[in-house]
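Hi,

Here is the structure I said I would pass on.

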Amino acid sequence: MNHMERPRVDTLEKAECWDLLKSHVIGRLAVVVDGHPDIFPLNYAVGNGHVVFRTAGGTKLQGAIDQALVALEIDGYDDRSEHAWSVVLRGTAREITHPAEVSAANALPLEPWQGGTKAHLVRIDSLSLSGRRFPVTKPDIWKTPVSDPRRSTFE
């Protein structure tokens, strides 16, 4: 491909974006706190058309309550097709406090990776969901184990 050519990027349908969100558990949450953006890795679950995560108190919780605008991003690589993909969910977040919603959230497969008390459940309601897929330029690099030193320059 000529360096001047624009690479092909395919737009994912919303249903495929939801399927990818449902089939993964780790993402990055973007919030704004005190006028500054911040990004946090988190694990999440999808239930009834929204995303739920568990957290302790702190900046992440502060930025993701009271109908705060947030974004959740996940991405991955399919070594069979040699395509990378990315999904972004933009929405409003609020802490789950109603007993019926707490019960439904607790029924989701939501187990934090990090230890400690994660007493707060947060729900993200979707305002927009988008995704894209594109061929990678050097697929041999992405087929190697994560520990391969060739990948360290990309991370």
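**What I found**

D78 and R80 form a salt bridge through their side chains, at 3.4 Å from N to O. R80 is exposed, with 73% relative accessibility, whereas D78 is partly exposed at 23%. Before you read on, keep in mind that this is a predicted model.

**The other salt bridges**

How many salt bridges does the structure hold? The count is eight. I'll go through some of them here.

One of them joins the side chains of E16 and R133, with 2.2 Å between N and O. This pair links distant parts of the chain: E16 belongs to helix α1 (residues 14–23), R133 belongs to strand β8 (residues 120–135), and they are 117 residues apart. E16 is partly exposed, at 30% relative accessible area. R133 is also partly exposed, at 22%.

R28 and D75 make another side-chain salt bridge, this one at 3.0 Å from N to O. R28 is in strand β2 (residues 26–33) and D75 is in strand β6 (residues 68–78), so this bridge ties together parts that lie 47 residues apart in sequence. As for accessibility, R28 is partly exposed with a relative accessible area of 31%, and D75 is partly exposed with 41%.

Then there is a network: salt bridges link R94, E101, R123 and D125. Two of these names come back in the next part, where H50 is in contact with R123 and D125.

**Around H50**

Is H50 buried or exposed? H50 is buried, because its relative accessible area is 10% and the cut-off for buried is under 20%. You'll find H50 in strand β5, which covers residues 50–55. The H50 side chain reaches the backbone oxygen of N48 at 3.2 Å.

Which residues does H50 contact, leaving aside its neighbours within four places in sequence? They are W18, A45, R123, I124 and D125.

**A nonpolar patch**

On the surface, V25, I26 and W113 form a nonpolar patch, and together they have about 330 Å² of accessible area. I26 sits in strand β2, the strand that holds R28 of the R28–D75 bridge. I26 counts as partly exposed, at 30% relative accessibility.

**The whole protein**

Stepping back, the protein has four helices and eight strands. Reading along the sequence, you get the pattern β-α-β-β-β-β-α-β-β-α-β-α.

What share of the 155 residues is buried? Buried residues come to 37%. The protein exposes about 9,600 Å², and 53% of that area comes from carbon and sulfur atoms.

For contacts in the protein with a separation of 6 or more, 68% are between residues 24 or more positions apart.

Best wishes

Definitions and conventions. Residues are numbered from 1 along each chain as its sequence is written. This is a predicted model: local features need pLDDT of at least 70, side-chain atom pairs count only at pLDDT 80 or more; totals for chains, interfaces and linings use all residues. Side-chain values use heavy atoms; hydrogens and water are left out. Helices (H or I, at least four residues) and strands (E, at least two) are DSSP runs, numbered from the N terminus. Buried means under 20% relative accessible area, exposed over 50%, partly exposed in between (1.4 Å probe, protein chains only). A polar contact is a pair of N or O atoms within 3.5 Å; within protein, one must be able to donate a hydrogen and the other to accept it, and residues adjacent in sequence count only if both atoms are side-chain atoms. Contact means heavy atoms within 4.5 Å. A salt bridge is a side-chain nitrogen of Lys or Arg within 4 Å of a carboxyl oxygen of Asp or Glu. Accessible areas come from the Shrake-Rupley method with a 1.4 Å probe; for residues, only the protein chains shown count as cover. Patches are made of residues with over 30% relative accessible area and no salt bridge: like charges are joined within 9 Å, nonpolar side chains (Val, Leu, Ile, Met, Phe, Trp, Tyr) within 5 Å.
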